[in-house]
Amino acid sequence: MPDIEKNVTIAAPIEKVWAALTDPEAIAGWMGGPVKVDLKVGGGYTLFEAATAGAFTEIKKPETLEYTWRQNEWKKEWPDSVVRWELAAALGGAATRVRLTHNTFPNKEERDGHDEGWDMYWLEPMKAWLEA
């Protein structure tokens, strides 16, 4: 079982949800701040004014996106965690089912903080932006 698992349905086509997860302009539209994305396996990204960074490990447009995740304040010896998005068209293509998993946390505090953070700083604002 993943450390964190979130499931949500967004009233937007899968292509728009994919863009909200991968296109720097779209991400900045709902997240704000400077965003860098080099969308290829091995390519890197930075989010939240470079407080979060990692590299893409799997890309299967528009269904699967996986990448390493590291907070800049994490101790050097802590391993990167892993974020995985699985998207599926729903309601005849008018909506998208989203499954997010986030694994490999260095401790319970980081896991618990991210569990709340995914809702507050990612899923809720992205869903609101896509459904507006």
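A search of the whole structure, which is a predicted model, finds one cavity of 30 Å³ or more. The largest cavity holds about 60 Å³ of space, and its lining has nine nonpolar, no polar and no charged residues.

**Cavity**

- The residues that line the largest cavity are Leu21, Ile27, Val37, Tyr45, Leu47, Phe56, Leu65, Tyr67 and Trp122.
- Two elements give two or more residues each to this lining: strand S3 (44-47) and strand S5 (64-71).

- Strands pair through backbone hydrogen bonds, either parallel or antiparallel.

**Strand pairs**

- S1 and strand S7 (residues 95-103) run antiparallel and are joined by seven bridges.
- Within this pair, Ile10 stands opposite Thr96 in S7, and Asn7 stands opposite Arg99 in S7.
- S6 and S7 are paired in the antiparallel sense over nine bridges, and Val82 has Asn103 in S7 as its bridge partner.
- S3 and S4 run antiparallel with four bridges between them; Gly44 stands opposite Ala55 in S4.
- S4 and S5 pair over six bridges, again in the antiparallel sense, and the bridge partner of Lys60 is Thr64 in S5.

- Most residues other than glycine have a negative phi, and most peptide bonds are trans.
- The hairpin of S6 and S7 has four residues between its strands, and Leu91 in the turn has a positive phi of about 50°.
- The hairpin of S3 and S4 also has four residues between its strands.
- Phe48 lies in the loop between S3 and S4 and has a phi near 50°, a positive value in a residue other than glycine.
- S4 and S5 form a hairpin through three residues.
- Pro62 is in the loop between S4 and S5, and a cis peptide bond joins Lys61 and Pro62, with omega about -5°.

**Packing of H2 against H3**

- Two packed helices are described by the angle between their axes and the distance between the axes.
- Helix H2 (residues 24-31) and H3 pack at an angle of about 100°, with 9 Å between their axes.
- At that angle, H2 is roughly perpendicular to H3.
- On the H2 side, the contact is made by Ala26, Gly29, Trp30 and Met31.
- On the H3 side, these meet Tyr121, Trp122, Pro125, Met126 and Trp129.
- By class, the contact has eight nonpolar, one polar and no charged residues.
- Trp122 in H3 takes part in this contact and also lines the largest cavity.

**Largest pocket**

- The volume of the largest pocket is about 180 Å³.
- Its lining consists of Phe48, Thr52, Trp69, Gln71, Gly113, His114, Glu116, Gly117, Trp118, Met120, Tyr121 and Trp122.
- S5 and H3 are the elements that give two or more residues to this lining.
- H3 gives the most, with eight residues.
- The lining divides into six nonpolar, five polar and one charged residue.
- Phe48, the residue with positive phi in the hairpin of S3 and S4, is one of the residues that line this pocket.
- Trp122 is listed in the lining of the pocket as well as in that of the cavity.
- Tyr121 lines the pocket and is among the H3 residues that meet H2.

Notes
Residues are numbered from 1 along each chain as its sequence is written. This is a predicted model: local features need pLDDT of at least 70, side-chain atom pairs count only at pLDDT 80 or more; totals for chains, interfaces and linings use all residues. Side-chain values use heavy atoms; hydrogens and water are left out. On a 1 Å grid over the protein atoms alone, a cavity is a set of points where a 1.4 Å probe fits but cannot get out, and a pocket is an open set with protein on both sides within 12 Å along at least five of seven lines; lining residues have an atom within 4 Å of a point. Grid points are joined across faces, edges and corners, and a volume is the space filled by probe spheres set on the points. Ala, Val, Leu, Ile, Met, Phe, Trp, Tyr, Cys and Pro count as nonpolar, Asp, Glu, Lys and Arg as charged, and the others, Gly among them, as polar. Two strands pair if DSSP finds at least two bridges between them. Axes are lines fitted to C-alpha atoms, for helices over the stretch in contact, and angles run from 0 to 180 degrees between N-to-C directions. Angles under 35 degrees count as roughly parallel, over 145 as roughly antiparallel, 65 to 115 as roughly perpendicular and the rest as oblique. Contact means heavy atoms within 4.5 Å.
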